[in-house]
Number of protein chains: 2
Amino acid sequence: MSLDIFIILCYMSSILNNVLKTYSWGYLMKIFEWSPIEYVSMISRDREVEYNFASGSPDPSLIPVKEFEKIFQEVIEEYGYRAFLYPGAGGSSELVRNIDKYYLDKIGVSLRSDEEIVIVSGAQHGIKILSQILVEKGDIVIVENPTFWEGVYPIRFHGASLRGVSIDEEGLDTYYLEKILREGLKPRFIYLNPTCHNPTGYVMSIDRRRHLLEIAERYDLFVVEDDPYRPVSKDPPPSLKSMDRSGRVIYIGSMSKIFAPGLRIGFVITNKDLAEKIKILEQHDFSTSTFLQLAMSKALEKNITEALMKRCSEHYDMKRKILLEALERYFPGRYTRPVCGFFNLIYVDKDPERYVEKAIERRLLYVPATRFFVENPVYSIRIGIGLISSEKIFDGIKVLREIFEE
Amino acid sequence: MSLDIFIILCYMSSILNNVLKTYSWGYLMKIFEWSPIEYVSMISRDREVEYNFASGSPDPSLIPVKEFEKIFQEVIEEYGYRAFLYPGAGGSSELVRNIDKYYLDKIGVSLRSDEEIVIVSGAQHGIKILSQILVEKGDIVIVENPTFWEGVYPIRFHGASLRGVSIDEEGLDTYYLEKILREGLKPRFIYLNPTCHNPTGYVMSIDRRRHLLEIAERYDLFVVEDDPYRPVSKDPPPSLKSMDRSGRVIYIGSMSKIFAPGLRIGFVITNKDLAEKIKILEQHDFSTSTFLQLAMSKALEKNITEALMKRCSEHYDMKRKILLEALERYFPGRYTRPVCGFFNLIYVDKDPERYVEKAIERRLLYVPATRFFVENPVYSIRIGIGLISSEKIFDGIKVLREIFEE
């Protein structure tokens with residue numbers, strides 16, 4: 001099939017998906033939709049890309065490739081064939097221990113005595129399994145509006161309707177949340193990415209965090225804190241998990257942004273009952289590699305984390321500043337001002353899905369973010385500065401402006 | 001918690017599970033059950049084991065650890081940071097190409113022009129995603145009786161009721177299958193493990209394979225061929241996939257038994273529509289590591305597969321012969337006669353769940369297999385010869401006899 005036809009088909013299927021949105025097929029909400037991120041990645045495959053604002057990957061220069069080369073050898077020397085056997089459900093006990101011992105305090109996350117760490121194959125795998133456990137058809141789940149499309153796809157797939165609560169520079173609008181709960185809304189849980197929010201780049205303030213936890217207690221709600229950017233951000237506020245006094249926060253951590261996403265290692269912290277259910281459902285897929293769990297465990301033991309966190313947070317902060325300059329110059333007043341993390345939104349006045357191909361012709365990739373809004377969609381573009389080199393950011397934003405100006 | 005209390009809790013939860021069996025919680029069959037395999041592995045953790053008949057792992061002496069050590073270095077040299085970025089949905093194009101080019105013909109599996117290879121994080125991950133796509137609540141899925149507990153757990157979880165068709169030395173009883181279909185049973189699909197069946201060790205004959213495919217055409221059914229043992233078995237019969245003329249066979253392949261389960265690499269071959277749905281649902285978890293996909297791709301390119309297949313099939317055949325001798329001596333007339341693969345069943349006259357702890361005291365592990373029967377359960381033990389060394393098999397079976405004799 002020629003690329004043109006493929007693009008047209010992708011585009012048509014994307015329109016079709018928007019029209020059908022969520023068709024119910026049987027008892028599950030069997031929604032088969034390409035994520036806007038995967039969609040851009042597919043249609044740009046084998047095309048030359050100069051400005052990649054689409055990826056959620058960390059900066060290649062920060063991935064500790066050399067360290068892992070050495071660690072991989074050490075794992076094989078130390079464990080031999082045992083690194084190649086089946087992983088047990090719940091994860092390797094070494095890795096669980098080392099996350100507790102060498103990682104949690106560094107990122108400011110606390111583990112209560114009635115809680116456990118469960119290893120998952122990346123945060124996304126954790127969200128999927130939690131959705132399978134928590135969500136029942138017809139449930140309402142509260143998310144930030146806009147939210148992370150891929151994060152909430154499994155939640156929708158498992159039968160929940162999403163209700164969006166808007167987010168501003170202080171994070172989730174907890175006053176509005178309180179209002180709709182007072183009016184009788186009964187959500188199953190609240191899913192949010194409070195620190196370096198994907199896609200706005202906002203950080204939830206400490207007051208709002210406190211307010212959210214009060215509300216969660218009052219209305220007896222679980223809060224799912226999806227928190228991949230904490231280790232790569234400068235002076236992040238305390239995690240919801242560390243402020244939580246009643247064990248309502250389910251914490252999802254990821255090694256993808258600080259170490260590497262190709263290892264597929266993340267973890268969930270939650271109460272023992274839910275932790276056991278996650279482990280039981282991991283019998284469905286066994287998808288976390290034994291070898292890579294042992295490698296990650298060793299990486300934590302080597303105490304390279306602190307230096308890496310410092311390097312990452314400084315580097316991404318520098319990139320963010322370049323981005324802010326470029327945004328102010330080329331899209332004044334039309335963007336969310338990122339505080340940390342990899343992302344922010346630019347608001348545009350044309351449907352960004354229609355300009356993806358034109359951007360690819362200019363060797364630029366972005367993610368149309370309109371579908372990241374679960375309510376009141378706004379034409380917008382998600383800008384990611386993880387993968388793109390700092391040298392390209394300023395020029396890239398200029399090219400983006402040209403694409404949307406013509 | 002002390003080990004004793006833990007064992008008691010595990011045992012109680014196992015009894016409770018047997019009592020409740022499948023309680024429906026909302027719209028999914030939210031069955032939270034420990035697999036008999038995981039259960040034995042958990043309660044034996046940190047205990048000394050001399051005779052491990054419980055594991056589904058390949059023989060440690062056959063895992064190409066040295067080769068992978070070299071390959072891992074080569075992957076890092078060749079791909080650098082790119083081996084550490086996010087995997088795309090559907091898998092690395094290199095690995096897809098190399099499975100097609102260097103692997104399928106060696107194992108006697110053919111790819112139709114209207115079909116695709118999709119990489120999954122091990123066969124189990126493939127079964128889970130297929131279940132999410134194919135199964136709707138209330139569906140009936142036909143499986144062998146007994147069947148592989150872990151293989152069918154996701155099928156049950158996603159809402160299907162299992163109907164068992166018995167299996168004998170020629171494989172699935174296709175005549176009985178035909179009878180129940182003629183009587184009006186309308187299953188969603190047939191899941192089977194026709195070559196070196198887990199847990200009986202039987203192999204489906206060519207005549208039965210042909211008959212099954214005829215039936216599938218006549219009654220318009222999908223057949224899911226779960227086929228992990230083909231590459232490690234001596235002269236296996238043709239795969240159902242290679243005999244299939246109408247694209248009804250969904251093939252699930254695994255690298256776990258021939259290379260290593262700790263890599264978590266498997267693949268599914270199916271029509272393009274279903275393949276696309278699998279890729280879309282892989283957006284839920286991204287669980288296959290980029291690095292390990294590239295490593296597996298390189299391993300296939302190096303053409304070590306053929307020598308490995310020969311070594312494995314001879315070694316496991318030798319172990320099987322020792323097992324057969326021991327079975328004949330200590331359990332005459334009370335076992336399924338394995339043809340290939342890692343497993344067989346021993347029939348016992350006492351509930352084998354009650355003897356697990358006693359066996360662990362004798363440093364022996366087995367899997368109680370009663371729950372592998374979806375209909376008409378029979379007290380039985382699954383014997384696995386993958387992990388145990390050949391020197392231990394004979395003595396181990398003797399110890400097992402003593403445990404059940406006292």
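The legends below describe several close-up views of a predicted model.

**Conventions for every view.** In this predicted model, local features need pLDDT of at least 70 and side-chain atom pairs count only at pLDDT 80 or more, while totals for chains, interfaces and linings use all residues. Residues are numbered from 1 along each chain as its sequence is written, chains are lettered from A and ligands numbered from 1 in the order in which they are written, and side-chain values use heavy atoms, with hydrogens and water left out.

**View 1. Chain A as a whole.** Chain A holds 15 helices and 13 strands, where helices (H or I, at least four residues) and strands (E, at least two) are DSSP runs numbered from the N terminus. The radius of gyration of chain A is 21 Å, which agrees with the value near 22 Å that a compact globule of 406 residues would have; this radius is taken over C-alpha atoms, and the globule rule is 2.2 Å times the number of residues to the power 0.38. Along its principal axes, the C-alpha trace of chain A spans about 55 × 55 × 45 Å. Of the 406 residues of chain A, 66% count as buried, a term that means under 20% relative accessible area, with exposed meaning over 50% and partly exposed in between (1.4 Å probe, protein chains only). Among contacts (heavy atoms within 4.5 Å) between residues at least 6 apart in the sequence of chain A, 78% join residues at least 24 apart.

View 2. A disulfide is a covalent bond between the sulfur atoms of two cysteines, and here the term is applied to a pair of cysteine sulfur atoms within 2.5 Å. A search of the whole structure finds two disulfides over all chains. In chain A, Cys196(A) is joined to Cys340(A), with an S to S distance of 2.2 Å, and the link is left-handed, with -100° about the S-S bond. The pair links distant parts of the chain, 144 residues apart: Cys196(A) sits in the loop between strand 6 (189-192) and helix 9 (206-218), and Cys340(A) in the loop between helix 13 (305-330) and strand 10 (343-347). Both Cys196(A) and Cys340(A) are buried.

View 3. The sulfur atoms of Cys196(B) and Cys340(B) lie 2.2 Å apart and form a disulfide, which is left-handed with -95° about the S-S bond. Cys196(B) is in the loop between strand 6 (189-192) and helix 9 (206-218) of chain B, and Cys340(B) is in the loop between helix 13 (305-330) and strand 10 (343-347), so the pair ties together parts that are 144 residues apart in sequence. Cys196(B) and Cys340(B) are buried. Cys312(A), by contrast, is in no disulfide, and the nearest cysteine sulfur, that of Cys196(A), is 12 Å away; Cys312(A) is buried, with a relative accessible area of 0%. Cys312(B) is likewise in no disulfide, with the nearest cysteine sulfur, that of Cys196(B), 12 Å away, and Cys312(B) counts as buried at 0% relative accessibility.

**View 4. Cis peptide bonds in the two chains.** In chain A, Asn198(A) and Pro199(A) are joined by a cis peptide bond with omega of about 15°, and Pro199(A) is found in the loop between strand 6 and helix 9. In chain B, a cis peptide bond joins Asn198(B) and Pro199(B), where omega is about 20°, and Pro199(B) lies in the loop between strand 6 and helix 9 of that chain. Ser205(B) also belongs to the loop between strand 6 and helix 9 of chain B, and Ser205(B) is buried, with a relative accessible area of 18%.

**View 5. Ile71(A) and its contacts.** Ile71(A) lies in helix 3 (residues 65-79) of chain A and counts as buried at 1% relative accessibility. Leaving aside residues up to four places away in sequence, Ile71(A) touches Ala295(A), Lys298(A), Ala299(A) and Lys302(A).

**View 6. Positive phi values in chain A.** Asp235(A), a residue other than glycine, has a positive phi near 40°; Asp235(A) is placed in the loop between strand 7 (222-226) and helix 10 (240-243) and is exposed, with a relative accessible area of 72%. Arg363(A), also a residue other than glycine, has a positive phi near 60°. Arg363(A) is in the loop between helix 14 (356-361) and strand 11 (364-365), and at 34% relative accessibility Arg363(A) counts as partly exposed.
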